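Subject: Structure handover

Dear colleague,

I am passing on the structure below, and after it you will find notes on what was found there. Please read them with the model open beside you.

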Amino acid sequence: MSELNLVLSQKCFGGFQKVFSHLSEELKCQMKFSIYIPPQASEKLCPVLYWLSGLTCDETNFIIKSGFQQYAAKHGIIVVAPDTSPRGCNIEGEDESYDFGTGAGFYVDATEDKWKTNYRMFSYVTKELPKVIEKEFPVTEKKSIFGHSMGGHGAITIALKNPEAYCSISAFSPICNPSEGPWGQKALSGYLGSDKSTWKQYDSTLLAKSYTGPEINILIDQGTADIYLEKELLTQNLIEACKNTPIKIDLRMQEGYDHLFYFISTFIGDHFDYHAKHLL
């Protein structure tokens with residue numbers, strides 16, 4: 001396991017907001033992740049909540065814009081937010097667009113030759129990063145996951161594929177059916193190839209239709225004024241797919257809110273209350 005290098009440390013709500021870098025074995029490059037360590041962690045082990053960010057974001061957007069630290073400090077929850085893709089891999093075309101390549105790893109393990117060596121965000125988030133966190137920080141065995149947009153897609157698909165690994169799941173404006181939306185189609189075809197049968201493993205709606213695991217509850221907040229709702233997010237497709245399955249979704253349509261961090265910061269406290277019930 002590679003050495004952690006401290007990039008940032010700032011006291012915040014009695015705890016510390018930190019950013020670390022390390023050499024990722026899965027992604028074959030230097031990666032950064034943020035971690036908020038609440039004041040309670042100085043005296044006891046704390047549960048960990050993983051946040052997955054959306055397109056164009058890195059490990060800093062959430063920690064700067066959401067205001068989550070006050071709620072993490074209130075409940076005593078460690079919060080980890082990785083970057084959204086490998087960086088600096090010098091792959092031709094990785095920096096050509098905002099919705100593919102750098103900043104847009106889509107939380108999949110790529111299989112196309114050009115991308116498969118580095119673009120393994122699914123394995124990074126589910127395997128390598130938790131091992132780092134569990135080895136280096138004062139965490140309990142309990143963990144949960146949530147995210148926004150592309151990261152909401154990541155959180156839900158990861159949970160559906162590993163239902164017993166996470167105590168709770170939530171999302172803001174998740175991409176719910178990427179096989180049917182332009183963002184998802186571009187990412188899945190680019191990373192996985194043109195055979196759509198391989199896309200199912202990273203599509204929440206398609207995973208839900210065949211889900212037979214234990215009961216799973218998901219909190220989703222979605223703004224009614226979100227310009228991406230009808231074309232990219234396709235929330236109702238997931239709701240329909242979950243009918244008559246063990247997946248129970250609490251969908252809260254928030255009147256007048258859009259896709260951005262003003263929306264997230266408004267309801268982030270509710271999500272911490274929700275996760276705290278399952279983690280503490």
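I begin with the hairpin of strand 2 and strand 3, where four residues lie between the strands and Lys-28 takes a positive phi near 60°. Please keep in mind throughout that this is a predicted model, and that the values in this message are computed from it.

**The strands**

Strand 2, which covers residues 15-24, pairs with strand 3 in the antiparallel sense, and nine bridges are found between them; at one of these positions Phe-16 has Ile-37 of strand 3 as its bridge partner. Strand 3 runs over residues 29-37 and is mostly covered, with seven of its nine residues buried. Strand 3 also pairs with strand 5 (residues 78-82), again in the antiparallel sense, over four bridges, and here Ile-35 stands opposite Val-80 of strand 5.

Strand 5 has a further partner in strand 4, but that pairing is in the parallel sense and has three bridges, with Val-48 having Ile-78 in strand 5 as its bridge partner.

**Aromatic contacts**

A search of the whole structure gives 23 aromatic pairs. One of them is the stacked pair of Trp-51 and Phe-62, with 4.0 Å centre to centre and 10° between the planes. This pair links distant parts of the chain, as Trp-51 belongs to strand 4 (residues 46-52) and Phe-62 to helix 1, eleven residues apart.

Phe-172 is buried, as is Trp-51. Ring pairs join these residues into a cluster made up of Tyr-36, Trp-51, Phe-62, Phe-68, Tyr-71, Phe-146, Phe-172, Tyr-257, Phe-263, Phe-267 and Phe-272.

Two lysines are placed over aromatic rings. The charged end of Lys-143 sits over the ring of Tyr-166, at 5.5 Å from the ring centre, and Lys-161 lies over the face of Tyr-202, with 5.4 Å to the centre of that ring.

**Backbone positions to look at**

Most residues other than glycine have a negative phi. Against that background, Phe-106 has a phi near 60°, a positive value in a residue other than glycine. Phe-106 is found in the loop between strand 5 and helix 3 (121-136), and counts as buried because its relative accessibility is 0%.

Ser-149 likewise has a positive phi of about 60° although it is not a glycine. Ser-149 lies in the loop between strand 6 (139-148) and helix 4 (150-161). Where does Ser-149 fall, buried or exposed? With a relative accessibility of 3%, Ser-149 counts as buried, because that value is under the 20% cut-off.

**The largest pocket**

Finally, the largest pocket has a volume of about 280 Å³. Its lining consists of 15 residues, and those that lie nearest the pocket centre are Leu-55, Thr-56, His-148, His-259 and Leu-260. Helix 1 (61-65) and helix 9 (261-279) are the elements that give two or more residues to this lining. Sorted by class, the lining has eight nonpolar residues, six polar ones and one charged one.

With best regards

Conventions: Residues numbered from 1 in each chain as written. Predicted model: local features only at pLDDT ≥ 70, side-chain atom pairs only at ≥ 80, totals over all residues. Heavy atoms only, no water. 1 Å grid on protein atoms, 1.4 Å probe; cavity = no way out; pocket = protein on both sides within 12 Å on 5 of 7 lines; lining within 4 Å. Points joined across faces, edges and corners; volume = space filled by probe spheres on them. Nonpolar A, V, L, I, M, F, W, Y, C, P; charged D, E, K, R; others polar. Buried < 20%, exposed > 50% of the residue type's maximum accessible area, 1.4 Å probe, protein only. Pairing = 2+ DSSP bridges. Phe/Tyr/Trp six-rings, centres within 6.5 Å; stacked < 30°, edge-to-face > 60°. Lys NZ or Arg CZ within 6 Å of the ring centre and 35° of its normal.
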